[in-house]
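Have a look at the structure first.

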Amino acid sequence: MPMSKYITNLFLACMFVCNGSAQIAKDSIVSDSLKTPVKFGLRLGADLTGLGRTLFNNDFKGFELSGDYRLTERFHVAGEIGSADKTTDEPNINFSSKGNYLKVGGDFNLYRNWDGMDNMIYAGLRYGISRFSQTINSYIVYTTNQTWPYSVNQTNSTYAGLSAMWLELQFGIKVELLPNMFGFLNLQLKRLVSNQSSGQIDNLYIPGFNRTYQDGQIGSGVSYGISYRIPFYKK
Amino acid sequence: MKLLTRIGIVSLSLVLMQCEKDDICAESTPTTPSLIIRFYDFYNPSELKAAEDLNVFGIDNSGNTFDIIGQTTLTTDSLALPLPTNLNAASFRLYLGYLDEETIGNGDDFLTEFQTEDLFVSRACGFKTFYSELSAETQTDSDNWILSTEVIQTEINNTIHAHVKIYH
């Protein structure tokens with residue numbers, strides 16, 4: 001029967017191809033042993049956006065340190081720790097937010113390096129937690145009719161013990177500029193998981209999460225800086 | 001890489017979409033409420049009675065009057081008066097039969113007192129004032145057109161319901 005013969009031939013051809021590709025894969029594993037070993041170590045970094053704003057902008061004081069540790073060739077556990085003291089001036093309200101934050105998670109390298117190179121184009125996930133206070137420095141009462149004289153109200157009401165938690169997606173690059181010295185840049189997309197405000201006033205800025213939005217849980221951020229890897233071993 | 005680009009574009013548009021609304025205080029947002037007065041017939045207290053050719057001025061601390069509803073006269077049975085946000089009293093002069101600056105009709109001084117508390121609204125709107133313990137009276141003169149004043153709501157936190165009834 002020509003039909004069944006055709007199917008058998010196809011099956012055999014498939015067997016041959018599959019076998020062939022398996023052979024190729026095996027070959028590449030063999031050649032892998034000649035590959036330059038990957039360095040494992042703790043990479044510590046400093047954010048330069050915050051440093052720049054601290055130096056050149058009176059409204060912000062803060063820093064962020066980052067770290068990651070390679071678990072496998074492509075996966076790193078990673079995290080950031082930081083502090084921010086930011087004064088925001090809006091047309092009707094001026095407030096300061098002050099606090100510390102911690103973000104823990106991991107980065108997965110989407111980029112396949114050439115032999116001997118160690119760069120990352122990565123997607124990362126973080127869980128962030130922040131504890132902070134918010135102070136209202138001054139405000140204007142909003143009225144649609146300003147025929148009565150009005151003034152800017154100076155206050156100093158501080159709401160302490162505020163906290164927030166969020167999930168964060170990071171997309172970024174880490175490029176080895178010099179041996180073990182890296183430059184990094186990432187974009188962060190965040191979503192609040194919990195947001196404990198004072199009850200009287202919304203949390204308008206959360207250290208680590210950044211600006212909040214009235215009707216949303218989404219936040220964003222950007223970070224760039226330099227990092228150094230303390231090499232532990234090669235594999 | 002294609003996936004990464006796509007995720008990047010989606011994230012960016014999500015962030016951008018969020019930006020608009022918070023930056024301008026929307027007109028529909030309830031902010032500092034005005035004092036709502038309704039005019040009733042003194043001789044038939046359950047019936048509304050429009051005040052004819054009404055003009056209203058604010059009176060500042062030194063006794064000078066200033067425009068408060070614009071240079072118009074109204075014939076209305078309901079009036080919204082803005083209150084100051086940083087004082088605990090406000091005086092108004094209500095003219096009935098105000099035709100022009102020559103014919104100003106009959107002016108009565110309407111005095112209010114209240115407590116204020118500033119409440120947070122939003123990033124864009126800032127705060128609004130909440131008024132409580134409202135009291136109102138009409139100063140007696142030789143010819144009052146306002147015959148009686150009644151506070152029906154001592155708390156002013158919206159402009160849906162009237163706060164004061166004026167009988168004339």
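How many bridges pair strand β1 of chain A with strand β2 of chain A? The answer is five, and the two strands, residues 39–47 and 60–70, pair in the antiparallel sense.

## Ground rules

This is a predicted model, where local features need pLDDT of at least 70 and side-chain atom pairs count only at pLDDT 80 or more, while totals for chains, interfaces and linings use all residues. Residues are numbered from 1 along each chain as written, chains are lettered from A in the order written, and side-chain values use heavy atoms, leaving out hydrogens and water.

## The barrel in chain A

In chain A, eight strands form a closed barrel with antiparallel pairing, in the order β1-β2-β3-β4-β5-β6-β7-β10. Strands here are DSSP E runs of at least two residues and helices are H or I runs of at least four, numbered from the N terminus; pairing takes at least two DSSP bridges. A:Leu44 has A:Gly67 in β2(A) as its bridge partner.

Helix α2 of chain A (residues 48–56) lies across β1, β2, β3 and β10 of that chain. Contact means heavy atoms within 4.5 Å.

## Where the chains meet

At the interface, 36 residues of chain B touch 36 of chain A. A:Glu90 and B:Arg123 form a salt bridge through their side chains, at 2.8 Å from N to O.

On the side of chain B that touches chain A, α1(B) gives the largest share, ten residues.

Definitions and conventions:
Axes fitted to C-alpha atoms, helices over the stretch in contact; angles between N-to-C directions. Salt bridge = Lys/Arg side-chain N within 4 Å of Asp/Glu carboxyl O.
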